[in-house]
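Dear colleague,

I am handing over the structure below, and I would be grateful if you could read the notes that follow with it open beside you.

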Amino acid sequence: MNIIETNLKFGALSTRKSTKRAILHHAEASKCTAEDIHRWHKQNGWSGAGYHFLVRKDGTIYRLRPENAVGSHAKGSNSDSIGICFEGSYMTETMPQAQINAGRELLGYLKGKYGFSKVQAHRDVCSTNCPGTNFPFTEIAGATATASAPTTTPAPTPTPAPSGPSYRAGTVYTLLADHLRVRTGPGTGYATKSRKQLTVNARGHAYSNGTLKKGTRVTCKDVRKVGSDIWIKIPSGWIAAYYGGKNYVG
Ligand SMILES: [Zn+2]
């Protein structure tokens, strides 16, 4: 059996002091991911996904809420139970064999780990039809306790937000684009300078409308981040060095 770890970020959680049973649910959604459940439960105002595990139709098992935390899946019964959600809507659907097998393996593992034998359906403890009349409860709940430890798939490394290149005052850069405008301040809201408003040196590298030629070497005097864009100050004024995800100065 394999458990896929996730990067879900939870709000405040408390540690569960005892584990005496597992409670089974269906997602009441034909298709859903760990992230979907986490988002739905956050929208309920909860700390995040209320179940501890999600068993998907393809037999993959995902970790949701940390296993040692009190769940939020069966009102009145969370303090000593592990909540397991099965992808699907089992009032009408039929569970695929791969999902049944994975559910049995997970229950066998949890029974062995915590030494409980009690498995309940959500409807046994709350007024609900969850996990649905078609849910193969006896088959899954009857899994034999096992002693084997699961393998785990680590959570994917979160991709950092693109930050753009870094610029430093005192460094000389080259213009990578042609016709770069020089402005009176760091942003497109500032006026464009005319050729005669540039330094004498810059005029030698400018077109008649005051825009600078590609390949011009500029000394950076100051750097300003505007949203995700980066503006640098050169002796003649401000130019966009990184704008709209594109590098104009390097
Ligand atoms: Zn339920």
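**Salt bridges and the zinc site**

The count comes to eight salt bridges, a salt bridge being a side-chain nitrogen of Lys or Arg within 4 Å of a carboxyl oxygen of Asp or Glu. Please bear in mind that this is a predicted model, in which local features need pLDDT of at least 70 and side-chain atom pairs count only at pLDDT 80 or more, while totals for chains, interfaces and linings use all residues. Residues are numbered from 1 along each chain as its sequence is written, and side-chain values use heavy atoms, with hydrogens and water left out.

One of these pairs joins arginine 56 to glutamate 87, with 2.9 Å between the closest N and O atoms. This pair links distant parts of the chain, since arginine 56 lies in the loop between β3 (53-55) and β4 (61-63) and glutamate 87 in the loop between β5 (81-86) and α2 (97-114), 31 residues apart; helices (H or I, at least four residues) and strands (E, at least two) are DSSP runs, numbered from the N terminus. Both arginine 56 and glutamate 87 are buried, where buried means under 20% relative accessible area, exposed over 50%, and partly exposed in between (1.4 Å probe, protein chains only).

Glutamate 67 takes part in a salt bridge with arginine 63, at 3.1 Å from N to O, and in another with lysine 113, at 2.9 Å from N to O. Glutamate 67 counts as buried because its relative accessibility is 8%, whereas lysine 113, at a relative accessible area of 44%, is partly exposed. Glu5, Arg63, Glu67 and Lys113 are linked in a network of salt bridges.

As for the metal, the zinc ion is coordinated by His25 (ND1), His122 (ND1) and Cys130 (SG), at 2.1 to 2.2 Å. Donors here are N, O and S atoms within 2.8 Å of the metal (3.2 Å for Na, K and Ca), and water is not among the atoms, so the site may look incomplete. Along the chain, the donors of the zinc ion follow the spacing H-x96-H-x7-C. Histidine 122 is buried, at 13% relative accessibility, and cysteine 130 is buried as well, at 6%.

Finally, the structure holds zero disulfides, a disulfide being a pair of cysteine sulfur atoms within 2.5 Å. Cysteine 220 counts as buried because its relative accessibility is 1%.
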